Amino acid sequence: MLALARKLNQSIVIGNNIEITLLEIKGDQIKVGINAPKSVPIYRKEIYEQIQEENKKAAQADVDMKSLKNLFNRNIK
């Protein structure tokens, strides 16, 4: 992990198109601004972990292949 010291309103750049700016320090909270292309998903870590867990559950779910085939055959005409 790279640890960088920044002052208020200073930034770091990741790659060529992501900029993170320190916007506010209030007690034990720090507000950061992220400037990135819309195609780059940005999540808080706890939300990202929830998404990953749900994706794992969905990938492991048992699929009733007969029902799935019937669904597609019904909609394709």
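Thr21 has a relative accessibility of 16% and therefore counts as buried, where buried means under 20% relative accessible area, exposed means over 50%, and partly exposed lies in between (1.4 Å probe, protein chains only). This is a predicted model, in which local features need pLDDT of at least 70 and side-chain atom pairs count only at pLDDT 80 or more, while totals for chains, interfaces and linings use all residues. Residues are numbered from 1 along each chain as its sequence is written, and side-chain values use heavy atoms, with hydrogens and water left out.

Thr21 belongs to strand β2, residues 18-26, strands being DSSP runs of E with at least two residues, numbered from the N terminus. Leaving aside residues up to four places away in sequence, Thr21 is in contact with Asn9, Gln10, Ser11, Lys31, Val32 and Gly33, a contact being heavy atoms within 4.5 Å.

Glu19 also lies in β2. With the same exclusion of residues up to four places away, Glu19 touches Ser11, Ile12, Val13, Gly33, Ile34 and Asn35. Its side chain makes a polar contact with the side chain of Ser11 at 3.0 Å; such a contact is a pair of N or O atoms within 3.5 Å, and within protein one must be able to donate a hydrogen and the other to accept it, with residues adjacent in sequence counting only if both atoms are side-chain atoms.

| Residue | Relative accessible area | Class |
|---|---|---|
| Thr21 | 16% | buried |
| Glu19 | 32% | partly exposed |
| Leu8 | 44% | partly exposed |
| Asn9 | 56% | exposed |

Strand β2 runs antiparallel to strand β3 (residues 29-35), and seven bridges join them, where two strands pair if DSSP finds at least two bridges between them.

Asn9, in the segment before β1, has a positive phi of about 70° although it is not a glycine. Most residues other than glycine have a negative phi.

Leu8 is likewise placed in the segment before β1 (11-14). Together with Ile25, Ile30, Val32, Ile34 and Ile42, Leu8 makes a nonpolar surface patch of about 550 Å², to which β3 gives the most, with three residues. Such a patch is made of residues with over 30% relative accessible area and no salt bridge, nonpolar side chains (Val, Leu, Ile, Met, Phe, Trp, Tyr) being joined within 5 Å.

How values were computed:
Helix = DSSP H or I, 4+ residues; strand = E, 2+ residues; numbered from the N terminus. Patch = residues over 30% accessible without salt bridge, like charges linked within 9 Å, V, L, I, M, F, W, Y side chains within 5 Å. Areas by Shrake-Rupley, 256 points an atom, 1.4 Å probe, with all protein chains shown as cover. Salt bridge = Lys/Arg side-chain N within 4 Å of Asp/Glu carboxyl O.
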